[in-house]
Amino acid sequence: MAAVKHFSASADPHEIHQYLKADGIVVIEGAASCEDMDAVVEELGSIASGQTFALAAKSKLFATKHLMNPLYIDLVKRVLTDTCIIYYEQERTVSISEPQVSQTSILSAQPGSAPWGLRRQDECHHITHPAKREADFGIAYAATDITKDSGAIRVVVGSNNWTDERDPTEKEETLIELRKGDAILCLGSVFYGQARNTTDSPSVLFNAFSTPGYRRQEENQYLAVPWEVASQYSSEVQRFLGYYVSRPYGGAVEHMEPLDYLKVKGDWSKYIPVDLI
């Protein structure tokens, strides 16, 4: 059983990135305050058993603060940003595709709940392993203490470097316990899951995964987070939810940046063209 590296919330992102490439997963201690976790729970009201989606729509605090955690955003950009060279009529231009939210959800292990089976998050994106480029990168906050008895996170450390022909075995699993406010950061190519909850109390995780801007989101953010909700967020959050062009042209509307299109309501006469390459 391999150990999982723990870091503080103020750790160097470069060092964390190196461990992520080797192990596929790390723990960030004190990634959020206990008070913030309680505040998100209060925003949500009742929490259903199992996995429920659209957390970014259901909790403004999560969407504006925890989804945008500076350490997570730094590492999202390191892991998922993609650059390519565009040729057009004897000119070459660098196009950068920035990451976007793929899905946000709540994972609730109720007393007596069955284990959540091992899987790779990037299966949605048809990845061949080991991945040449990561397709998913996530963060999951412990909204309660997570123990070996209450639904610990199951992970196969280093499985992000395995081929698709290799299946995980029980003896290769590591169980991760978290204190309230701790978080895991994990690559989509690592096998992970959740253990059975044999206690009398539920355990709750707040979860978000991101994907490159040129890939399809696992959860359609424009329906999961209606514009009426997204419009209350900052442009930084809106862009991360997908309201931007993945260079050169991915996600454009009438050849406009989506946020510009919404500002002028599609009226070309009010739009100042920008170079989408």
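1. The model is predicted, and local features need pLDDT of at least 70, side-chain atom pairs count only at pLDDT 80 or more, and totals for chains, interfaces and linings use all residues. Residues are numbered from 1 along each chain as its sequence is written, and side-chain values use heavy atoms, with hydrogens and water left out.

2. Strand 1 (residues 6-8) pairs with strand 2 in the parallel sense over 3 bridges; pairing requires at least two DSSP bridges between the strands. Strands (E, at least two residues) and helices (H or I, at least four) are DSSP runs numbered from the N terminus. His 6 lies opposite Val 27 of strand 2. Between strand 1 and strand 2 the chain passes through helix 1 (residues 13-23), in a right-handed β-α-β crossover (clockwise from the first strand over the helix to the second, with the strands pointing away from the viewer).

3. Strand 2 also runs antiparallel to strand 11 (residues 183-187), joined by 4 bridges. Here Ile 28 has Ala 183 as its bridge partner. Of the 5 residues in strand 2 (residues 25-29), 4 are buried (under 20% relative accessible area, 1.4 Å probe, protein chains only).

4. In helix 5 (residues 70-80), the buried residues include Leu 71, Leu 75 and Val 79. At the start of helix 5, a side-chain oxygen of Asn 69 comes to within 2.9 Å of the backbone nitrogen of Leu 71.

5. Val 40, in helix 2 (residues 34-44), is buried, with a relative accessible area of 0%. Beyond residues up to four places away in sequence, Val 40 touches Ser 59, Leu 61, Phe 62, His 66 and Phe 206 (heavy atoms within 4.5 Å).

Methods
Buried < 20%, exposed > 50% of the residue type's maximum accessible area, 1.4 Å probe, protein only. Polar contact = N/O pair within 3.5 Å; in protein donor to acceptor, adjacent residues only side chain to side chain.
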